[in-house]
Amino acid sequence: MSRMKLRFLRHLVIQICFALAMIVTGCVANPDAKRLYDDLLSNYNRLIRPVSNNSEKLTVKLGLKLSQLIDVNLKNQIMTSNVWVEQNWHDYKLRWNPDDYGGVEMLYVPSEHIWLPDIVLYNK
């Protein structure tokens, strides 16, 4: 079997096990977290840069973490690797008082629902 097929099968087995675990154990959602999520994203526009004034700058901190060194070609001076790109910024629209939401201090939001910096990595 090819490597891709093995990866796919492994991924599929993990997803099935996770789904079965959720069905067997049940899933309890926090209603305060749901209310917070709805309140934060009800009028959130992910296309607008999260600053209170358009002339204000938004600092995005970038970090690279080496995950895997795949190959080093000394002759051509080429290094092939896998890296994690870490981006940090402050989005003033995603602030709340935990006391207003049953003590919820952290909320996980899918990245496709919030503003993301338009950063492109390329080799030169």
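Student: How many salt bridges does the structure hold?

Tutor: The model is a predicted one. A salt bridge is counted where a side-chain nitrogen of Lys or Arg lies within 4 Å of a carboxyl oxygen of Asp or Glu. By this rule the count of salt bridges is 3.

Student: What is the distance between the closest N and O atoms of D38 and K34?

Tutor: D38 and K34 both lie in helix 2, 4 residues apart, about one turn of the helix. D38 is partly exposed at 35% relative accessibility, and K34 is partly exposed at 49%. The closest N and O atoms of this salt bridge are apart by 2.9 Å.

Student: With which residue does E86 form a salt bridge?

Tutor: The closest N and O atoms of this salt bridge are 3.2 Å apart. The pair links distant parts of the chain, with E86 in strand 2 and its partner in strand 1, 21 residues apart. E86 counts as partly exposed because its relative accessibility is 35%. The partner of E86 is K65.

Student: How many bridges join strand 1 to strand 2?

Tutor: The two strands run antiparallel. K65 stands opposite W84 in strand 2, and the bridge partner of L64 in strand 2 is V85. The number of bridges joining strand 1 to strand 2 is 11.

Student: Which residue in the hairpin of strand 1 and strand 2 takes a positive phi?

Tutor: The hairpin has 4 residues between the strands. The residue in question lies in the loop between strand 1 and strand 2, and its phi is about 55° although it is not a glycine.

Student: Which strand gives the largest share of the nonpolar surface patch?

Tutor: The patch is formed by L62, L64, L66, L69, V72, L74, M79, V83, V85 and I119, with about 970 Å² of accessible area together. Strand 1 (61-73) and strand 2 (78-88) are the elements that give two or more residues to the patch. L64, found in strand 1, counts as exposed at 56% relative accessibility. The largest share, 5 residues, comes from strand 1.

Student: Is the aromatic pair of W89 and W115 stacked or edge-to-face?

Tutor: The structure holds 1 aromatic pair. The ring centres of W89 and W115 are 5.5 Å apart, and their planes stand at 85°, over the cut-off of 60 degrees. W89 is partly exposed at 23% relative accessibility, whereas W115 is buried at 11%. The pair is therefore edge-to-face.

Student: Which residue lies over the face of Y44?

Tutor: A charge sits over a ring if NZ of Lys or CZ of Arg is within 6 Å of the ring centre and within 35 degrees of the ring normal. Here the distance from the ring centre of Y44 is 5.5 Å. The residue over the face of Y44 is K93.

Conventions. Residues are numbered from 1 along each chain as its sequence is written. This is a predicted model: local features need pLDDT of at least 70, side-chain atom pairs count only at pLDDT 80 or more; totals for chains, interfaces and linings use all residues. Side-chain values use heavy atoms; hydrogens and water are left out. Patches are made of residues with over 30% relative accessible area and no salt bridge: like charges are joined within 9 Å, nonpolar side chains (Val, Leu, Ile, Met, Phe, Trp, Tyr) within 5 Å. Accessible areas come from the Shrake-Rupley method with a 1.4 Å probe; for residues, only the protein chains shown count as cover. Buried means under 20% relative accessible area, exposed over 50%, partly exposed in between (1.4 Å probe, protein chains only). Two strands pair if DSSP finds at least two bridges between them. Rings of Phe, Tyr and Trp (its six-membered ring) pair if their centres lie within 6.5 Å; planes under 30 degrees apart count as stacked, over 60 as edge-to-face and the rest as tilted.
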